[in-house]
Each structure stands twice: as C-alpha cells, then as structure tokens.
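I opened the notebook to look up how this chain is packed.

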Amino acid sequence: MIQIRTFYFNDLRECTYVLWDDTNECVIVDPGCNTGSERERMVKFIEITGLVPVKLLNTHGHFDHVMGNAFVERKWKLKTHIHPLDKPQLMRAAAYSEMFGYNVEQPTSDTVDINEGDIIEFGKSKLKVIWTPGHTRGGVVFYAPEEKPPFIIAGDSLFAGSVGRTDLPGGDYDELMDSLHNKILKLEGDCKIYPGHGPQTTIKNELESNPYLK
Ligand SMILES: [Zn+2]
Ligand SMILES: [Zn+2]
C-alpha cells in the first residue's frame, strides 16, 4: 500500500508529495521547497520516517513545481524524471523564476525521460505515466491503479472545482480538455486526485460538480 504525505511549499502553495510503501523506498514528486525551512521540513520528515528517496518525479516543469529540484538532486543523488516536452521549461526554471522575483537554483540537465505508458517503480509499488498535455506540453499524471482506492498525482491539470491554466507558455485549452475528458476523467470514479495546488478530490466529485467540465 502506498502512503502519501503532502507538503505545501513556496508562495504559490504548491503541493509536493512524498510517496512510499512498506519497503520505505519513496519518491518525491514536484519538490517546490525553496526556503531553508521548507527544505528542512521535508528532510526531517523523510529522516524521521526512515524513508529512502529513490526517484525525483515531476508532473511538469513550471517553476513552482521544480524550485527544490536542484536541492533534492544533490541531497539524495537523484535524477529528475520529466516528460521530454517539458524539459525546456525545466531548463528555464531559474531564469523564469527570476522574472517573478524568486531566486531559484537551476536544476541540472541530466534528466530521465518519462513518456506515456511508462511504469515508475519504487519499493514494491508502481506508478503509471499518463501524458496529459494542455497545461503544459509535457505534463503528465502519475496513476496508481492497484491501490485501494486508486489515485493520481495530477499536477496542474485538474483541481478540486477547477482546471489548469492554459494561458502560460505551452498551454492549450483544447489539448487540456482532450486530456481531461479522454484520459483523466475516464479513470475510476473513486480514483483520488492529488492536485498540484489545493485540496484532494475524486474523479466522481469533479464529474458531478466541477463547472469547468460541463
Ligand atoms: Zn503549472
Ligand atoms: Zn503549479
């Protein structure tokens, strides 16, 4: 069984997720920790729980989701796993954040490509990569179909009561709607959604009440 810890990091209250199972191997998804105290909070949690980080995963390359990448890469000697179409975003992370007044350490270019259908393994657990362009060109969600209930780490594609912005570089409204209706919303109704910002929800909740999906 996969356990999940949520951290809300940086001014955009981005959701960073640590996922682990009973082997204690864990993956860190979208480390948005940018300040020393944010990083300390995550490190302390990982150390006290006795977890061993084995992979760094990104749902997409926006700066609020990668602010802590360089730190995580260095601290646990991990490589960033990201869709190749979002690697350009990742490579501009430091420059882009500077325009918004943030000082972000540039993550390395030594990344691992992840693509539609790939299986990411840690411990005894598996996450399936679903490519969901629209918010960014190389956005993905990480899907755990074998969990009870199943869940996705959704990045900024789908939120409780809202959907991802498509007005940023790489965004495309029609593509996002296609990803939502033909991929994400086709998952089980009880599938839990862990979004890139805000509270958790389920596919069923969003189908019933999300005004952007009508
Ligand atoms: Zn984003
Ligand atoms: Zn975001």
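I looked up the radius of gyration first. The chain has 214 residues, and a compact globule of that length would have a radius near 17 Å. The chain has 16 Å, so the value agrees with a compact globule. I note that this is a predicted model.

Next I checked the box. Taken along the principal axes, the C-alpha atoms fill roughly 45 × 40 × 25 Å.

Of the 214 residues, 44% are buried. I also took the contacts with a separation of 6 or more: 61% of them join residues 24 or more positions apart.

Then I listed the secondary structure. I found seven helices and 14 strands in the chain.

Which strands form the open sheet? I read the order as β7-β8-β9-β10-β13-β14, six strands with mixed pairing. β7 (119–122) and β14 (201–202) stand at the edges. Each has a single partner strand, so one side of each is left without a neighbour in the sheet.

I looked at one pair within this sheet. β8 (residues 125–131) and β9 (residues 140–144) run antiparallel and share four bridges. Ile130 has its bridge partner in β9, and that partner is Val141.

Last, I went to the core. The largest nonpolar core holds 49 residues. Val141 is among the members that touch the most others, along with Cys26, Val29, Phe142, Ile152, Ile153 and Tyr194.

What does Ile153 touch, leaving out residues up to four places away in sequence? I noted Tyr17, Val29, Thr59, Val141, Phe142 and Tyr194.

Note on methods: Residues numbered from 1 in each chain as written. Chains lettered and ligands numbered in written order. Predicted model: local features only at pLDDT ≥ 70, side-chain atom pairs only at ≥ 80, totals over all residues. Core = buried A, V, L, I, M, F, W, Y, C linked by C-beta atoms within 7 Å. Buried ≥ 20, exposed ≤ 12 C-beta atoms within 10 Å, placed from the backbone. Contact = placed C-beta atoms within 7 Å. Pairing = 2+ DSSP bridges. Helix = DSSP H or I, 4+ residues; strand = E, 2+ residues; numbered from the N terminus. Rg over C-alpha atoms; globule rule 2.2 N^0.38 Å.
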